[in-house]
There are 2 protein chains.
Amino acid sequence: MSDVRDNAQRVRDVRVLLRDERDAWVPSASASGDAYIIPLSFSWDGTFLTVATPRASRTARNLRRAGWARIALGPTRDVVIVEGPIVEIRASDAGEFADEHARIVGFDAREQSEEYVFFRLTPNRILTWRNPAELPGRDVMRNGHWLA
Amino acid sequence: MSDVRDNAQRVRDVRVLLRDERDAWVPSASASGDAYIIPLSFSWDGTFLTVATPRASRTARNLRRAGWARIALGPTRDVVIVEGPIVEIRASDAGEFADEHARIVGFDAREQSEEYVFFRLTPNRILTWRNPAELPGRDVMRNGHWLA
């Protein structure tokens, strides 16, 4: 059935989307369980998914506390959800990756009047589906390993 | 500057998107602050934004506890975020709205083997923007009132 992609195809499609898509939905929660969501630009270097946001923002506070994020990319009919541990890096401490991030997203977090931080996510699990028929095989990465 | 819509235009655009868009990102959180996100189809009848999901799902558990939701619609370059109190209704107790919901989303939550529930959100706050220049005027509804 052509509506259901095989795993190798899904992995290829996810890699293309990580390379070409620039915006993600970033949900987060407070310690007391208040859910929040904002869209953020991201970059992907093959290993880390990176976003930047003001250090004092609600999302930064929530992500810092959790140490883990689940981020949604792509349109809702081509869902990609990337989940894993995150590390926070202050813009003032950022290494060379910050140049590449600024180039890709078109916004330099180190040059804002407000203080920014980066969050870098190492994918542990990645899910993807385009329709309900694809739900059974939605995992394309588990425990940090691509399943193709 | 044509990149910044006035408030009346934003309200019109949001109403069109609520009518025509069918998918939303639904973030939620556990009592201990674990954030979660899934896409769900929604319907809008001018008063309530309605979604349906399995009663035993993680999202249902989280939303039930919170009694409040913040749901994201539309592409990340035409952001609409709808926030407000939610009421849960079992599929077996659903009134006529369930017929309309099934017609709009193309999926009848009352006819699934798994037990489904509806969550109906009454918008209290709605935000919308297409670019950073639009952020200052992003509120189009506050305390349940359209600002146009």
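This is a predicted model: local features need pLDDT of at least 70, side-chain atom pairs count only at pLDDT 80 or more; totals for chains, interfaces and linings use all residues.
Contact here means heavy atoms within 4.5 Å.

View 1. In contact are 29 residues of chain B and 29 residues of chain A. The two chains bury about 2100 Å² between them. Carbon and sulfur atoms give 64% of that area. Three residues of chain B lose the most area to chain A: Trp25(B), Ile37(B) and Thr76(B). Together they account for 30% of what the chain B side buries.

**View 2. Salt bridges and polar contacts between chain B and chain A.** The count of salt bridges between the chains is 2. In one salt bridge, Asp23(B) pairs with Arg77(A). Their closest N and O atoms are 2.4 Å apart.

**View 3. The side of chain B that touches chain A.** Four strands of chain B each supply at least two residues to this side: strand 1 (23–29), strand 2 (35–44), strand 4 (68–73) and strand 5 (79–90). By class, the residues on this side are 15 nonpolar, 7 polar and 7 charged.

**View 4. The axis relating chain B to chain A.** In chain B, Gly33(B) has the C-alpha nearest the axis, 2.1 Å from it. Of the interface residues of chain B, 100% are also interface residues in chain A, so the copies meet through the same surface.

Key
Residues are numbered from 1 along each chain as its sequence is written. Chains are lettered from A and ligands numbered from 1 in the order in which they are written. Side-chain values use heavy atoms; hydrogens and water are left out. Buried area is the accessible area (1.4 Å probe) that two parts lose on being put together, summed over both. A salt bridge is a side-chain nitrogen of Lys or Arg within 4 Å of a carboxyl oxygen of Asp or Glu. A polar contact is a pair of N or O atoms within 3.5 Å; within protein, one must be able to donate a hydrogen and the other to accept it, and residues adjacent in sequence count only if both atoms are side-chain atoms. Ala, Val, Leu, Ile, Met, Phe, Trp, Tyr, Cys and Pro count as nonpolar, Asp, Glu, Lys and Arg as charged, and the others, Gly among them, as polar. Copies are superposed by least squares on the C-alpha atoms of residues with pLDDT of at least 70 in both.
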